[in-house]
Amino acid sequence: MNPDVATDLKDLSATLSSVEAVMDLDALRAQIAELEEQAARPNLWDDPDAAQKVTSQLSHRQGELRKVEELRSRLDDLPVLYELAEEGDDEAAAIEADTEREKLRADISSLEVRTLLSGEYDERDALLTIRSEAGGVDAADFAEMLMRMYLRWSERHGYPTDVYDTSYAEEAGIKSTTFKVTAPYAYGTLSVEQGTHRLVRISPFDNQGRRQTSFAAVEVAPVVEQTDHIEIDEKELRVDVYRSSGPGGQGVNTTDSAVRLTHLPTGIVVSCQNERSQLQNKASAMAVLQAKLLARRRQEQQARMDALKDTSSGSWGNQMRSYVLHPYQMVKDLRTDFEVGNPSAVLDGDIDGFLEAGIRWRRTQ
């Protein structure tokens, strides 16, 4: 075997070994055995919420173990592929082995990034809110482009999404939207997307074809669980009901079923209009409000820690990524310097490179 290839395989094995150590495979197998025992109990579905949590955790843990075991198996098979290619002087087989080595490198790197997600809420589902900012109708259109980008990313990975509320702009695009992404480590992964995104392009809404810069804000919060103790006093809430607007089924738009909640102490406003019943919409809106209050509490704790450390490294919100469609084509993250020359692919949900770079960057802060 080529000495460079042998060295590379040795390095890949060392990286995978460190990932296996961080994941603690023996502990993971013990957790799976315990969850399998819970899932086998005859009274499991007496409490559907608890049952859902057990089955979801079991599926997630089994998937994690299967993923790392498959990577190890593929890595063990690679030297054999190279030996067979050399013995048969088979160029096609050698190319196939090189291709598998590069794919394996990317897959191990992706799993290594997952092990960097060790924050308090990183394992949870994510709640994304996107708002159009400066830039008028172009900003509203950009906010809708970002919404589609994250929904397409979720779809590519097979992650379910649930859109709670979308406020449509008058001419085109959206003023704001809030939706949930259900996936292992969704919050930890997507939290690096928080901040202001900037679009530069020839505006399709300008009849003189001038270049326009517009902005949209992305906010990411972890979904609240029962253990979080986010209590909301009904006296501190203003509840408004109204008729749903925008595209929707006939039944959605004919009654005052949409709900807007205003949390008076903080001024946080959330709304939900995706369900037919006012009660369901209020319950969903409360879940969104709790998530935003949890995120605020976490930010306040982080701010206090940053003040103690006398550093501003936590203030990486603000402008964090540029999407340039004219005069050249490029998407660049302003924190990590990661860039891609194909904005169409990025806006179609191909953002894993940005997410991985963001997670690695955050670890260095």
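This is a predicted model: local features need pLDDT of at least 70, side-chain atom pairs count only at pLDDT 80 or more; totals for chains, interfaces and linings use all residues.

I began with β6 and strand β7 (residues 258–263), which pair in the antiparallel sense over six bridges. For the record, two strands pair if DSSP finds at least two bridges between them. Helices (H or I, at least four residues) and strands (E, at least two) are DSSP runs, numbered from the N terminus.

Residues are numbered from 1 along each chain as its sequence is written, and side-chain values use heavy atoms, with hydrogens and water left out.

I see three strands forming an open sheet with antiparallel pairing, in the order β6-β7-β8. Its edge strands are β6 (237–242) and β8 (268–272), each pairing on one side only. Neighbouring strands here are turned by 15° against each other on average, direction ignored. Axes are lines fitted to C-alpha atoms, for helices over the stretch in contact, and angles run from 0 to 180 degrees between N-to-C directions.

**Strand β3.** Buried means under 20% relative accessible area, exposed over 50%, partly exposed in between (1.4 Å probe, protein chains only). Strand β1 (residues 126–132) pairs with β3 in the antiparallel sense over six bridges, and I noted Ile130 with Thr177 of β3 as its bridge partner. Strand β2 (residues 161–168) also runs antiparallel to β3, joined by seven bridges; there, Tyr168 has Ile174 of β3 as its bridge partner. The hairpin of β2 and β3 has five residues between the strands, and in it Gly173 takes a positive phi near 75°.

**Helix pair.** I checked helix α1 (residues 3–23) against helix α4 (residues 91–115): they pack at an angle of about 25°, axes 10 Å apart. That makes α1 roughly parallel to α4 (under 35 degrees counts as roughly parallel, over 145 as roughly antiparallel, 65 to 115 as roughly perpendicular and the rest as oblique). The crossing of α1 past α4 is left-handed, meaning that the near helix is turned anticlockwise from the far one by less than a right angle; clockwise would be right-handed.

**Rings.** How many aromatic pairs does a search of the whole structure find? Three. Rings of Phe, Tyr and Trp (its six-membered ring) pair if their centres lie within 6.5 Å; planes under 30 degrees apart count as stacked, over 60 as edge-to-face and the rest as tilted. Trp153 and Tyr159 have ring centres 5.5 Å apart and planes at 65°, so I file them as edge-to-face. Trp153 is buried, at 4% relative accessible area. Phe338 and Phe354 are edge-to-face too, with centres 4.9 Å apart and planes at 80°. Phe338 lies in the loop between β10 (330–333) and β11 (339–340) and Phe354 in helix α9 (residues 352–364), so this pair ties together parts 16 residues apart in sequence. Phe354 is buried at 1%, whereas Phe338 is partly exposed at 29%.
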